[in-house]
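Please look over the sequence and the model shown below before reading on.

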Amino acid sequence: AATTPAPQQTTVAKPAAAPAAGGTKITSPLPGVILDVAVKQGDAVKKGQKLIVLEAMKMENIIEASADGTISNISVNKGDSVLEGALLITIG
């Protein structure tokens, strides 16, 4: 009976840890201003899909999903100024 709960706990712990540790974090490649956020939290996205339009050095840069998944967190809003390396979106 003691071995039955252990696999269940392991099975539950791994998916719970995956979004936090293994979630794909999309960060800003350079400092700029968020012009548009093309997705909402909970949206399913495919690799290469447009997520955010970032204006940097008078150019619009399209930030794309680096992996398939579901948007678990959006850390910025339209109009926000961000620094290089700032967390924009987490894909769970």
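Leaving aside residues up to four places away in sequence, Leu51 touches Ile26, Asp36, Val37, Ala38, Val39, Val45, Ile63, Glu64, Ala65, Ile71, Ile89 and Ile91, where a contact means heavy atoms within 4.5 Å. The model is predicted, so local features need pLDDT of at least 70 and side-chain atom pairs count only at pLDDT 80 or more, while totals for chains, interfaces and linings use all residues. Residues are numbered from 1 along each chain as its sequence is written, and side-chain values use heavy atoms, with hydrogens and water left out.

**The chain as a whole**

- The protein chain contains one helix and eight strands, which are DSSP runs numbered from the N terminus, with helices being H or I of at least four residues and strands being E of at least two.
- Read along the sequence, these elements follow the pattern α-β-β-β-β-β-β-β-β.
- Of the 92 residues in the protein chain, 26% are buried, a term that means under 20% relative accessible area, with exposed meaning over 50% and partly exposed lying in between (1.4 Å probe, protein chains only).
- Among the contacts in the protein chain with a separation of 6 or more, 55% are accounted for by residues 24 or more positions apart.
- The protein chain exposes about 5,800 Å², and carbon and sulfur atoms supply 57% of this area, which comes from the Shrake-Rupley method with a 1.4 Å probe, and for residues only the protein chains shown count as cover.

**The sheet that holds S4**

- Strand S4 (residues 50–56) runs antiparallel to S5 and is joined to it by six bridges, and Val53 stands opposite Ile62 in S5.

**The sheet that holds S8**

- Another open sheet of four strands has the order S1-S8-S6-S3, again with antiparallel pairing.
- S1 and strand S3 (44–45) stand at the edges of this sheet with a single partner strand each, so one side of each is left without a neighbour in the sheet.
- Strand S1 (residues 24–27) pairs with S8 in the antiparallel sense over four bridges; Ile26 stands opposite Ile89 in S8, and the bridge partner of Thr27 in S8 is Leu87.
- Strand S6 (residues 69–74) is joined to S8 by three bridges and runs antiparallel to it, with Ile71 standing opposite Ile91 in S8.
- Four of the five residues of S8 are buried, so this strand is largely enclosed by the rest of the structure.

**The nonpolar core**

- The largest nonpolar core has 15 residues, and those with the most contacts inside it are Leu51, Ile52, Leu88, Ile89 and Ile91; such a core is a set of buried Ala, Val, Leu, Ile, Met, Phe, Trp, Tyr and Cys residues joined through side-chain atoms within 4.5 Å.
- S4 and strand S8 (87–91) each supply at least two residues of this core.

**A buried serine in a loop**

- Ser28 lies in the loop between S1 and strand S2 (32–37), and Ser28 is buried, with a relative accessible area of 3%.
- The side chain of Ser28 reaches the backbone oxygen of Leu30 at 2.5 Å.
- Not counting residues up to four places away in sequence, Ser28 touches Leu54, Val82, Leu83, Glu84, Gly85, Ala86 and Leu88.

How values were computed
Pairing = 2+ DSSP bridges. Polar contact = N/O pair within 3.5 Å; in protein donor to acceptor, adjacent residues only side chain to side chain.
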